[in-house]
Amino acid sequence: MNKDFFEQLNAKIDSDNIKTNEQMKEHITFRVGGPADYYITPNSNEQIVSAIKLCKKYDVPFYIIGNGSNLIVRDEGFRGAIIEIGTNMSEITVEGNTVTAQAGAILAKVAVSAMENSLTGMEFAHGIPGTLGGAVTMNAGAYGGEMKDILVSVQVINDDGEIITVAANDLKLGYRYSVVPKEHYVVLSATMQLKEGDKEAIKETMAELSAKRREKQPLEYPSAGSTFKRPEGYFAGKLIEDAGLKGYAVGGAMVSKKHSGFVINYDGATAEDILTLIDNVREKVYEQFGVELETEVKVL
Ligand SMILES: Cc1cc2nc3c(=O)[nH]c(=O)nc-3n(C[C@H](O)[C@H](O)[C@H](O)COP(=O)(O)OP(=O)(O)OC[C@H]3O[C@@H](n4cnc5c(N)ncnc54)[C@H](O)[C@@H]3O)c2cc1C
């Protein structure tokens with residue numbers, strides 16, 4: 001424990017919002033991962049800025065997470081500070097056709113607020129179990145929609161610790177890509193432009209998409225969604241299935257029998273099980289089809 005860092009952190013952030021030696025498996029949807037030295041849940045932009053400044057001052061490595069739905073944390077955990085931008089930063093406001101929300105707002109809640117205001121365009125995001133900040137960072141998308149289609153601008157902390165507004169265009173949003181990690185931006189809030197629609201129709205579309213997810217995806221097991229990105233011209237799940245890897249398991253990790261694009265934690269997997277399985281799948285798919293699978297999931 002870095003005593004000076006911890007003391008100064010406590011001077012800036014309510015002690016209820018700082019934990020030490022916190023098990024990361026409690027905070028990521030894959031339910032794996034050892035302890036983080038510090039786990040901070042700030043409740044204002046100023047607190048996030050302060051936490052980052054202190055991490056930099058005391059050379060404490062830090063990593064931002066939202067809902068942890070696209071992450072694998074290793075069994076050794078994280079030597080440094082995890083800063084969660086989640087429920088403490090989740091206000092949503094709707095004005096006309098514009099929705100602005102703090103980065104910690106859960107996408108489903110943002111999509112429901114849009115629906116309640118008869119705004120269409122966010123239905124695709126309703127079933128993605130991440131925060132708005134995570135969705136901007138990943139340019140999350142599903143069923144023909146993606147954040148890129150609706151995002152106008154974001155408020156971020158830049159590498160100099162300043163709060164600035166960045167236009168969506170400047171985030172270079174692409175398939176599961178944005179410049180957020182490269183620029184070391186921390187997303188604080190995002191503004192989306194939607195269109196007027198019919199509330200009942202929006203509700204119905206969201207229900208249909210949820211039903212599709214339940215039918216096709218192994219939502220009953222912990223996972224991080226699609227493990228691999230879609231390689232150009234192929235579908236990762238189909239390649240994995242054709243390689244005979246459906247149901248392939250390492251320890252408690254398994255290629256889902258319901259959807260081969262999902263690696264699931266089906267029985268007390270360790271991060272090591274999952275990472276070994278991912279490596280083996282990549283190797284076998286490459287051997288058989290010459291296609292290199294790239295992970296969509298981020299490893300911490
Ligand atoms: C069952 C299931 C289904 C899924 N379906 C889909 C789907 O259909 N489409 C899809 O795109 N994804 C899907 N995902 C993956 C995941 O939900 C998305 O990538 C989501 O956008 C991640 O958001 P998060 O808040 O959980 O981010 P995290 O997993 O916490 O973080 C992901 C990345 O974003 C960064 N990050 C998070 N918040 C911020 C912030 N405020 N500022 C800067 N960086 C930040 C993190 O550092 C990390 O690099 C699914 C996952 C699961 C478990």
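Figure 1. The model is predicted, so local features need pLDDT of at least 70 and side-chain atom pairs count only at pLDDT 80 or more, while totals for chains, interfaces and linings use all residues. Residues are numbered from 1 along each chain as its sequence is written, and side-chain values use heavy atoms, with hydrogens and water left out. An oxygen atom of the ligand is 2.8 Å from a polar backbone atom of Asn70. For Arg213, a polar side-chain atom lies 2.8 Å from an oxygen atom of the ligand. On its own the ligand has 970 Å² of accessible area, and the protein covers 94% of that (Shrake-Rupley method, 1.4 Å probe).

**Figure 2. Residues around the ligand.** There are 37 residues around the ligand (a heavy atom within 4 Å of it). Those that come nearest are Ile64, Gly66, Ser69, Thr131 and Gly141.

**Figure 3. Domain 2 against domain 3.** The protein is divided into domain 1 (3-84), domain 2 (89-201) and domain 3 (218-299), with bounds from an automatic or database domain assignment. In this view, 4 residues of domain 2 are in contact with 4 residues of domain 3 (heavy atoms within 4.5 Å). The area buried between these two domains is about 450 Å² (accessible area, 1.4 Å probe, that two parts lose on being put together, summed over both). Met138, Tyr175 and Arg176 supply 90% of the area that domain 2 buries against domain 3.

**Figure 4. The salt bridge between domain 2 and domain 3.** The rule finds 1 salt bridge across this interface (a side-chain nitrogen of Lys or Arg within 4 Å of a carboxyl oxygen of Asp or Glu). Arg176 forms a salt bridge with Glu296, the closest N and O atoms being 3.7 Å apart.

Terms used
Polar contact = N/O pair within 3.5 Å; in protein donor to acceptor, adjacent residues only side chain to side chain.
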